[in-house]
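Please examine the sequence and the model shown below before reading on.

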Amino acid sequence: MKKRLPPLVLNDYERGWVSGLIDGEGDIGLEKCKQPNRTGLGRGFAWVPRVGVSNTHRELLERLQTLLGGSISLCRARRPNQRDWYRLRMSNRVAECVLNAITLVIKERQRVLLLEACKKTAEHARYSTPNDARLEQIYLELKVLNRRGR
């Protein structure tokens, strides 16, 4: 079993700020990450819980990163009328700590589903999560909930 991170400690102001950013600018999802051939696993992917926040202002994400952890990456604009933007991503145990510390309004169902997935994946070593039908259901439900324009 994986070692648990200590609970994330946020004051009321920080909790509200983080909740608002994730609810408004964030994404909550369960990814199927392709993995190299590993002996005995036979699936070709691993379940990775992720929480992210995207914004064009890197300084905002750096402050959020100071509170929560994670990594920031630059995402290049895809169209001429877009600006480059940044994404703060938190995976696995960090994502679980963040979701346990907050409540959401718009994305509360996604938060609850991902916490369930975190509990299922936490019992196993990286890249060795069993082929679990419930994780597949959570993955598909999160895809529907996260569709644009929903």
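Apart from neighbours within four places in sequence, Gln110 is in contact (heavy atoms within 4.5 Å) with Ile28, Leu142, Leu145 and Asn146. Gln110 belongs to helix H4; helices (H or I, at least four residues) and strands (E, at least two) are DSSP runs, numbered from the N terminus. Because its relative accessibility is 5%, Gln110 counts as buried; the term means under 20% relative accessible area, with exposed meaning over 50% and partly exposed in between, for a 1.4 Å probe and protein chains only. Gln110 and Lys143 stand 33 residues apart along the chain, and their C-alpha atoms are separated by 9.7 Å.

The model is predicted: local features need pLDDT of at least 70 and side-chain atom pairs count only at pLDDT 80 or more, whereas totals for chains, interfaces and linings use all residues. Residues are numbered from 1 along each chain as its sequence is written, and side-chain values use heavy atoms, with hydrogens and water left out.

Residues up to four places away in sequence aside, Leu68 touches Leu8, Val18, Met90, Val94 and Val98. From Leu68 to Val94 the C-alpha distance is 7.6 Å, although 26 residues separate the two in sequence.

The packing of the helices can now be considered. Two packed helices are described by the angle between their axes and the distance between the axes. Here the axes are lines fitted to C-alpha atoms, for helices over the stretch in contact, and angles run from 0 to 180 degrees between N-to-C directions. Helix H1 (residues 12-25) packs with helix H2 (residues 58-68) at an angle of about 125°, their axes being 12 Å apart. H1 and H2 are therefore oblique to each other; angles under 35 degrees count as roughly parallel, over 145 as roughly antiparallel, 65 to 115 as roughly perpendicular and the rest as oblique. On the H1 side the contact is made by Tyr13, Glu14, Trp17, Val18 and Leu21, and on the H2 side by Leu60, Arg63, Leu64, Leu67 and Leu68. Of these residues, eight are nonpolar, none is polar and two are charged. In this classification Ala, Val, Leu, Ile, Met, Phe, Trp, Tyr, Cys and Pro are nonpolar, Asp, Glu, Lys and Arg are charged, and the others, Gly among them, are polar.

Helix H3 (residues 92-101) and helix H4 (residues 108-122) form another pair, with axes that come within 10 Å and cross at roughly 135°. H3 is therefore oblique to H4. Asn92, Glu96, Leu99 and Asn100 of H3 meet Arg111, Leu114, Leu115, Cys118 and Lys119 of H4. This contact comprises four nonpolar, two polar and three charged residues.

Asn92 lies in H3 and has a phi near 50°, a positive value in a residue other than glycine. Most residues other than glycine have a negative phi. The buried residues of H3 are Ala95, Glu96, Cys97, Val98, Leu99 and Ala101. These buried residues pack against H1, strand S1 (26-34), strand S2 (45-55), H2, strand S4 (85-91) and H4.

Over the chain as a whole, there are five helices and four strands, in the sequence pattern α-β-β-α-β-β-α-α-α. Buried residues account for 40% of the 150 residues. Among contacts with a separation of 6 or more, 64% join residues 24 or more positions apart.
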